Amino acid sequence: MQMSSDGPTHNEFDFEFLGNTTGEPYSVQTNVYVNGVGNREQRLNLWFDPTKDFHTYSIFWNQRQVVFLVDETPIRVHTNLEHKGIPFPKDQAMGVYSSIWNADDWATQGGRVKTDWSHAPFVATYKDFQIDACECPVPVTSADSAKKCSSSEDNKYWWDQPTLSELNLHQSHQLMWVRANHMLYDYCADTARFPVVPAECVHHPHHSRETNYH
């Protein structure tokens, strides 16, 4: 599942289920693209088998933060750090997309496990799909989108309430639990790939270069 705008400088939020081998936990990878630049992957093992029942996967997005949630538990937060000179995806209208695609060159154990095509066709099933958002016409410019979907005194969207500008205490503890017990990979901690710490990792309260993953 992903949210994405259009064009070479698009913004994008990715929710990707990676392949697995029998008996191993299922992994989810998230990524954030800002102005056409991604490479912000985080990967974690789910604490349940997602093939056994339906679960709720959500993306909460406002002017202050992007929050990825699984069954209302936050698994990732991308905070607006524009005051530090770091771009934030806030002024491009996005569509919602879903697909199944073959990524066995990298997705399962670094590409060591390939897709078993004898199990085809592959099916993804959804229910209770819901979008609660500001609807923009297509095509729409970034300026028009920002103007239409920005809260004002006369038109205040619920997601722009001050209490939703950051995680509450309970949500912060949930995120800490996820990162401590289920995180497999965080680009901010990948010194081989990023010898220079990405700018948002320096200032982001939910990232740390000292974190060790198993």
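Gln2 is partly exposed, with a relative accessible area of 25%; here buried means under 20% relative accessible area, exposed over 50%, and partly exposed in between, using a 1.4 Å probe and protein chains only. Gln2 sits in strand β1, residues 2–4, where strands (E, at least two residues) and helices (H or I, at least four) are DSSP runs numbered from the N terminus. Leaving aside residues up to four places away in sequence, Gln2 touches Glu12, Phe13, Asp14, Gly95, Val96 and Tyr97, with contact meaning heavy atoms within 4.5 Å.

Before going on, note that this is a predicted model: local features need pLDDT of at least 70, and side-chain atom pairs count only at pLDDT 80 or more, while totals for chains, interfaces and linings use all residues. Residues are numbered from 1 along each chain as its sequence is written, and side-chain values use heavy atoms, without hydrogens or water. The pLDDT is the predictor's confidence in each residue, from 0 to 100. Its mean over the protein is 89, and 95% of the residues reach 70 or more. Among the elements, β6 has the highest mean pLDDT (98) and helix α1, residues 142–149, the lowest (81).

Now let's look inside. A nonpolar core is a set of buried Ala, Val, Leu, Ile, Met, Phe, Trp, Tyr and Cys residues joined through side-chain atoms within 4.5 Å. The largest one here has 17 residues, and Phe13, Phe15, Ile59, Phe68 and Ile75 have the most contacts inside it. Strands β2 (12–17), β3 (27–33) and β6 (65–70) each give two or more residues to this core, and β6 gives the most, with 3. A second, separate core of 11 residues includes Cys134, Cys136, Cys149 and Leu175.

Rings of Phe, Tyr and Trp (its six-membered ring) pair if their centres lie within 6.5 Å; planes under 30 degrees apart count as stacked, over 60 as edge-to-face and the rest as tilted. By this rule there are 12 aromatic pairs. Phe15 and Tyr57 form an edge-to-face pair, 6.0 Å centre to centre with 75° between the planes. Because Phe15 lies in β2 and Tyr57 in β5 (residues 57–61), this pair ties together parts that are 42 residues apart in sequence. Phe15 is buried, at 1% relative accessible area, whereas Tyr57 is partly exposed at 22%.
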